[in-house]
Amino acid sequence: MFDAFDALILARIQFAFTVSFHFIFPAFSIGLASYLAVLEGLWLKTGNSVYLALYKYWLKIFAIAFAMGVVSGITMSYQFGTNWSVFSDRTGPILGPLMAYEVLTAFFLEAGFLGVMLFGMNRVGPKLHFAATAMVAVGTFISAFWILSVNSWMHTPVGFALNEVGQYVPAAPWIDIIFNPSFPYRLVHTVIAAYLTTALVVGAVGAWHLLKDRANPHARKMFSMAMWMAALVAPVQIFAGDMHGLNTLEHQPQKVMAMEGHYDSHPDGAPLILFGIPNAEEKRIDYAVEIPKLSSLILKHDLDAPLAGLDTIPDDREPPVSIVFWSFRIMVALGFAMLGLGLWSLFARYRKRLYDWPWLHRAAIVMGPSGFIAVLAGWVTTEVGRQPFTVYNQLLTADSVSPLGAPAVGASLLAFVIVYFAVFGVGVWYILRLVGKIPQISEDEPARAPIRSSGITPGPAEGKGGRGNMNTDPDNGPEVAPAK
Amino acid sequence: MNWLATSVPLTEVWAFIIAGAVFAYVVMDGFDLGIGILFPVFDVGKERDQAMNAIAPVWDGNETWLVLGGGGLFAAFPLAYAIILPALYPPIIAMLLGLVFRGVAFEFRWRDPGHRALWDAAFTAGSFVAALAQGIILGALLEGIAVEGRAYAGGWWDWLSPFSLLTGASVVAGYALLGATFLIYKVEGRANDHARRLAWRCFWLTGLAILAVSIGTLFLSGRYIEKWLSTPGLFFTAQVPLLVAILAYAFVRTMQKGRELAPFLICLALFFVTFAGLGISMWPDIIPGEVSIVDAAAPAKSQAFMLFGAAIMMPIIIAYTAYAYWVFRGKVGHDGYHD
């Protein structure tokens, strides 16, 4: 049944599918781990129980998201070898060590302290527990650092030589390889995106509960914190994205040509195409709505600067324009919508209507998933824009693939699609169910009694004294006063 | 880091580090997966919850050793990674999907009591498939992989054979033994009695499996027989079955005495000895008969850079992993030992 496709396109679909699915979870858990560290830190500092309740509320959600990130991530660490074995053999000497550093410095750190973070509050005390939360948060960042360095090297490869068997081997100090030209920009842009994504989710959850009960202190707190993030970070992100784009123009010009929809060169100032329909056959943008010379102004800071188009690139080196053109516009539009939401929240704050402006709350709910969409659209832009290469200008995607038959790749792709949609679909549904409950401090309410330890403690756990410590549902742990 | 490249036998060191990571994975996730395999035997409710809680705080760290094994192979022996993974494609994909079900079940079963039975089944099925696939991977690797140039040259059913199915079943039995003995240490009451009975059965099954795989390996190809049964190497290799016999005796004694932790530790030692036996069979190849560790090695500069990081990070990782185990030490749900 897979004979209609070749193994290459199936392997590409499989990688795109598994990595997109995977990235949704870290995009959320990188931000959420830091948010949890902030909440617990604020609780320790102020003793305000609202922070602790919010911590426990989001910890349950974090546990699910993190578990899904872990299991989908293990798949990724084997995808390189299973489907892209030639790529693995040839880039292993450079990319392998960077990934090994990710495992050594990040994965063990996250995994080692995750158990303490999820189950250890009653065992180690609040301060050590906060340290464990902070370690998990730091681990997620270190992980992003290394994997983005790997990814960036594939976009802007430096510091390598080819050995006699065709492998890319290190030929410069490792620091140059790690900090390859696009890495700092990609790191900043991606990590901010993760924070923004989380803030929008937290904001949407807060808004949802404010619509039902605008006096709820937990909903107010999380909404306010999230809107501060959106207002402060969205403009920073737009600026960082612009810097990243200029870096791309310098190192991967054809990606920017595809993003801009510039099939033709413009010797005296290129227009900014707002909308249009890329026509791949005729190599032009149909129905283009454009602003003359603005693209040159943005990219070159000069209205009349010449900009080369895809007509300067051989056809077989051209990235698929229509995908990149659209994904880029989706990302940018959502970025500005986030900025709009942030500004609206500032205005609401100024008017003292942050907690009782239903339309603001509805807008925040609508924007809840926008971070995920923007993040995926951004990745599509940068990854599809690199085609037809895996290692830019060095190694063709077509030359990277494993010597596998289409039926093998197709069957595994089908299995991944079915399992991922079923398992992660259910996981997302559990998360939605959890965020549908209004956060509150309610230790002894049997209806919310936790499941994590059902049956372990002899007899119903009613008072603090009778509760076994494996009773670790975050909602149900004894209130521990922060040690000052 | 250049001094590392000249003063240390990097390739051999990395072979040992990766073998160590795989061993750490096998025993640590081995008991997690083993508990998953035995899960349906436990009574719904208290027994199952105890079994799950015994590993919930540590499974993620345990599984990370698999990423280190895979990632380390990619980094230190990229050629081996590039040949083995396509060759063993179906069992590797099966293992990954099994681990997906197993991993999410930890969280999902608590979040959805209405469908807990379903997630318990997913937990068991995922654990079983992952363990079986890992055993099949081992057997197929021992049998040999067809290589041409720098790529896998066989078909995509080559991995399936009576021997690889035998090693698959053996790993399932061995993991179940680890899981049962770990539970003897972690749980009490009826669950403990239950775990003991299971440990006995898994022990005999594992013993049979070790015997069958050992004999089967000798018949695989001339190389293994020569390595194990020719003098003077025999005086060295004979220590392996001898140690297995001694450990088996120790297991029986400690089980009869009703010890709690010793059976698990003896099983770890048993795994270590059999793992060393596998090492003897494979050394100095990474793909038996085809690719040696030297053939597959990444350049010294890559290996040296990683060794620098591993030398610093490994002690730290071991320290905080030990700390995490220390935090959750002792019996699950026993009131006496909680603070």
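Residues are numbered from 1 along each chain as its sequence is written, and chains are lettered from A and ligands numbered from 1 in the order in which they are written. In this predicted model, local features need pLDDT of at least 70 and side-chain atom pairs count only at pLDDT 80 or more, while totals for chains, interfaces and linings use all residues.

**Chain A overall**

- Chain A contains 13 helices and six strands; helices (H or I, at least four residues) and strands (E, at least two) are DSSP runs, numbered from the N terminus.
- Of the 484 residues in chain A, 52% are buried. A residue is buried if 20 or more other C-beta atoms lie within 10 Å of its own, exposed if 12 or fewer, and partly exposed in between, with C-beta atoms placed from the backbone.
- Among the contacts in chain A with a separation of 6 or more, 73% are between residues 24 or more positions apart. Two residues are in contact if their C-beta atoms, placed from the backbone, lie within 7 Å.

**The contact between the chains**

- Chain B contributes 68 residues to the contact, and chain A contributes 65 residues.
- On the side of chain B that touches chain A, at least two residues come from each of α3 (46-55), α4 (59-76), α5 (78-87), α6 (89-111), β2 (151-152) and α15 (300-327) of chain B.
- The element that gives the most to this side is α6(B), with 15 residues.
- This side of chain B has 43 nonpolar, 14 polar and eleven charged residues. Ala, Val, Leu, Ile, Met, Phe, Trp, Tyr, Cys and Pro count as nonpolar, Asp, Glu, Lys and Arg as charged, and the others, Gly among them, as polar.

**Helix α6 of chain B**

- The 23 residues of α6(B) reach 33 Å from first C-alpha to last, close to the 33 Å expected at 1.5 Å a residue. The expected span is 1.5 Å times one less than the number of residues in the helix.
- At Ala105(B), α6(B) bends by about 45 degrees; the bend is the angle between axes fitted to the seven residues ending there and the seven starting there.
- Of the 23 residues in α6(B), 22 are buried, and the helix is mostly covered.

**The nonpolar core**

- The largest nonpolar core has 256 residues, of which Ala230(A) and Phe77(B) touch the most other members. Such a core is a set of buried Ala, Val, Leu, Ile, Met, Phe, Trp, Tyr and Cys residues joined through C-beta atoms within 7 Å.
- Beyond its neighbours within four places in sequence, Phe77(B) is in contact with Ile286(B), Ile293(B), Ala296(B), Ala297(B) and Ala298(B).

**The hairpin of chain A**

- Strands β3 (residues 272-279) and β4 (residues 284-291) of chain A run antiparallel and are joined by six bridges; strands pair if DSSP finds at least two bridges between them.
- Ile277(A) stands opposite Asp286(A), and Phe275(A) stands opposite Val289(A).
- Four residues lie between the strands of this hairpin, in which Lys283(A) takes a positive phi near 55 degrees.
- Leu272(A), in strand β3 of chain A, is partly exposed because 18 other C-beta atoms lie within 10 Å. Among the residues in contact with Leu272(A) are Glu290(A), Ile291(A) and Leu294(A).

**Backbone exceptions**

- Most residues other than glycine have a negative phi, and most peptide bonds are trans.
- Tyr287(A) is not a glycine, yet has a positive phi of about 50 degrees. This residue of strand β4 of chain A is exposed because it has 8 other C-beta atoms within 10 Å.
- Lys293(A), also not a glycine, has a positive phi of about 65 degrees and lies in the loop between β4 and α9 (294-300) of chain A.
- A cis peptide bond with omega about 10 degrees joins Gln387(A) and Pro388(A). Pro388(A) is in the loop between α12 (370-384) and β5 (389-391) of chain A.
- The bond from Trp283(B) to Pro284(B) is cis as well, with omega near 0 degrees. Pro284(B) is in the loop between α13 (262-282) and β3 (285-287) of chain B.

**Gln252 of chain A**

- Gln252(A) is in the loop between α7 (217-251) and α8 (253-260) of chain A, and counts as buried because it has 21 C-beta neighbours inside 10 Å.
- Although 140 residues apart in sequence, Gln252(A) and Tyr392(A) are 8.2 Å apart, C-alpha to C-alpha.
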